[in-house]
Amino acid sequence: MRLEFGLARAEVARRVATRAQAEQMSAIAATLREARAFPELYLGPTMLSPADAVAFAERAAIADLAVRLSLAEATVRAQAHDAESLRGLTPRIWAAFREGEVPAVNASLVASLVVGLTEAAVVAFEEAVLAPAATLAPARFRAIAIASRERLVTEPPTERHRRAAAERRVIVEPDFDGMAWLHAYLPADAAQRAMARISQAALQLAAAADETRTLAQLKADVAADLLAGVLGSGNSVGVTVGVTVPVLTLLGGNEPGTLEGHGPIDADTARRLAGHAPSFHRILTHPISGTVLDIDRTCYRPPADLKRFVELRDVVCTFPGCGRSARGCDLDHTVSWADGGSTSASNLASLCRHHHRLKHESNWTVTRDDGETVWRSPTGAVRNADPPPF
Ligand SMILES: [Zn+2]
């Protein structure tokens, strides 16, 4: 009796949750339709062309929804797309989804599979997947739906592959415990060739008597080394990733470091990367203030910490008389990178976009000595930069 009650609760909850999800997607889609129909609601008076106004109003509405729902803007856009697609092309699936009969994951798969089908094919596709969508678990439904689509698609496989191959890409997805996923969306033959090379190298390493790593671990290590250019003929020169290490961590402390593009990493890893790993430049930070103490000359792009330091020091654009806040400014290498200038606080200054361009596009020049900044105009006028306001 108690068991049945629990099962019934779970079934009802699934239905309610699916209905709520469909309602959310429907409301998102309706909001964006409204924004496109009445751009002035999001833009006010505008000089944009009608087409741009519609596009910007939609972007503004997507940002609005993302903030209100605590969702990524890409998620809002995808949900609107799925809702419009289901509503317009497969109304029976849409109705079943809104009733809570077709789970959201299956409905969303249908929305992505109808893309590229002719009108007649869409009708046949909906007919074929309507019953399975309500009864099958996602993995099984996915296999059946893809097979159904395959039979209905009229576009030749070579054309489809060319279009899909244009979408090839590599993405990195941060995970927890100091790990991350590296995904590559590739033509199948390229993926298989890459995997064959990885397996072959891993098997060779596994044959060593003192090798303790599993084959899976070896493959992961080989893949990472090949991509970073550590193994084989690859060339890692010029590839650098910033690792920020608090000074006390370098001396054995436990304060976590920061890996550029990822976030916090454990102290052991931070020490290892700062110590001797290739392809990394280290940034040492003060134990209390967190300000940058030292940074290798090997990176061009200033790390966030250094950028903040320079912004706080300069307060405003360092061009004489300019009052634009340093916060929105570019960081300019006073002595250019190409001329051997370092990415260090003493060689970086805040310049607003306008004055940054002026410095690069004209004969205005600047020199800095011991905090004294001197600008020289193309006709020889010399002016000391204003001191920071406080
Ligand atoms: Zn300026």
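The model discussed here is predicted.

The next matter is which residues of H1 are buried. They are Thr18, Ala22, Met25, Ser26, Ile28, Ala29, Leu32 and Ala35. These buried residues of H1 pack against several other helices, namely H2 (40-43), H3, H4, H5 (91-98) and H6 (104-113).

Two of these partners, H3 and H4, also pack against each other. Helix H3 comprises residues 50-69 and helix H4 residues 73-89; the angle between them is about 110°, and their axes are 8 Å apart. Because angles of 65 to 115 degrees count as roughly perpendicular, H3 is described as roughly perpendicular to H4. The crossing in which H3 passes H4 is right-handed.

Which residues make this contact? From H3 come Glu58, Arg59, Ile62, Ala63, Leu65 and Ala66, while H4 contributes Glu73, Val76 and Arg77. Sorted by class, the contact of H3 with H4 contains five nonpolar and four charged residues, but no polar ones.

These helices belong to a protein that has 15 helices and 12 strands. Of its 390 residues, 31% are buried. Among contacts between residues at least 6 apart in sequence, 49% join residues at least 24 apart.

Conventions
Residues numbered from 1 in each chain as written. Predicted model: local features only at pLDDT ≥ 70, side-chain atom pairs only at ≥ 80, totals over all residues. Heavy atoms only, no water. Axes fitted to C-alpha atoms, helices over the stretch in contact; angles between N-to-C directions. Helix = DSSP H or I, 4+ residues; strand = E, 2+ residues; numbered from the N terminus. Parallel < 35°, antiparallel > 145°, perpendicular 65-115°, else oblique. Left-handed = near helix turned anticlockwise from the far one by under 90°. Contact = heavy atoms within 4.5 Å. Nonpolar A, V, L, I, M, F, W, Y, C, P; charged D, E, K, R; others polar. Buried < 20%, exposed > 50% of the residue type's maximum accessible area, 1.4 Å probe, protein only.
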